Amino acid sequence: MHQPVRRLVQLYAGLLLYAFSMALLVRSGLGVMPWDVLHQGLARQLDWSLGVVTIVVGALVLLAWFPLRERPGLGTVSNVVVIGVALDAVLAVLPEPSSLGVRVALVPLGVGLNAVATAAYVGVHLGPGPRDGLMTGLVRRTGRSVRLVRTTIEVVVVAAGWLLGGTLGMATVLYALAIGPLVHVLLPRLSVRPPAPVS
């Protein structure tokens, strides 16, 4: 497969898989990813679908890039739209399991697939997701460490989401602990660098 085609296929496959992994955690009922705690809380307060809230929050976060002087790419815009649309589509057909065993099993499955999805769409270097760009922009502008900035952002969104009625649970904690190491291992295997410009 030619590299430009592979990059596009991997980008959109990664975004679709990301939405699927989000839906698995939602259906587990045992907690969701940190940003999804906020998305869930807003969805419940506004009576909107989770996918629509995800799109709106992503677009608002993208607006915050301008004062931070971050540059969006195709992957950034696609992240905002594709994940939200796909999430609602998956949730429409994915039933909520009644068995606790199945719900517990969905947690590591969702976290693992999310790590693969993250490495896949980040690895094509077509622009970070809006939330990742917010983090990197704040790191550059404040001079603080990635760990401090990311932790601060996620603590704020989780706390706000929980107060609004979002689901905070074991999946949230497992995701926070596992996603960094998993993506660290997977990213080199799924990285597709753009061709070097001809001088």
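Axes here are lines fitted to C-alpha atoms, for helices over the stretch in contact, and angles run from 0 to 180 degrees between N-to-C directions. Helices (H or I, at least four residues) are DSSP runs, numbered from the N terminus. This is a predicted model, in which local features need pLDDT of at least 70 and side-chain atom pairs count only at pLDDT 80 or more, while totals for chains, interfaces and linings use all residues. Residues are numbered from 1 along each chain as its sequence is written, and side-chain values use heavy atoms, with hydrogens and water left out.

**First stop: H2 and H3**

Please select residues 34-46, helix H2, together with residues 50-63, helix H3. Their axes lie 9 Å apart, and the packing angle is about 115°. The crossing is right-handed, that is, the near helix is turned clockwise from the far one by less than a right angle. Trp35, His39, Gln40, Leu42 and Ala43 of H2 meet Leu50, Val53, Thr54, Val57 and Val61 of H3, where contact means heavy atoms within 4.5 Å. By class, this contact has 7 nonpolar, 3 polar and no charged residues. Ala, Val, Leu, Ile, Met, Phe, Trp, Tyr, Cys and Pro count as nonpolar, Asp, Glu, Lys and Arg as charged, and the others, Gly among them, as polar.

Next, select aspartate 47 in the loop between H2 and H3. Its phi is near 60°, a positive value in a residue other than glycine. Aspartate 47 is exposed, with a relative accessible area of 70%; exposed means over 50%, buried under 20% and partly exposed in between (1.4 Å probe, protein chains only).

**Second stop: H1 and H6**

Now select residues 3-28, helix H1, and residues 100-122, helix H6. The axes of H1 and H6 come within 8 Å and cross at roughly 160°. H1 is therefore roughly antiparallel to H6, a term for angles over 145 degrees. The contact of H1 with H6 has 17 nonpolar, 7 polar and 2 charged residues.

Within H6, select asparagine 114. Asparagine 114 counts as buried because its relative accessibility is 0%. Its side chain makes a polar contact with the side chain of serine 21, at 3.0 Å. A polar contact is a pair of N or O atoms within 3.5 Å; within protein, one must be able to donate a hydrogen and the other to accept it, and residues adjacent in sequence count only if both atoms are side-chain atoms.

**Last stop: histidine 125**

Finally, select histidine 125 in the loop between H6 and helix H7 (130-142). Phi of histidine 125 is near 55°, and the residue is partly exposed at 31% relative accessibility.

Methods
Helices (H or I, at least four residues) and strands (E, at least two) are DSSP runs, numbered from the N terminus. Angles under 35 degrees count as roughly parallel, over 145 as roughly antiparallel, 65 to 115 as roughly perpendicular and the rest as oblique.
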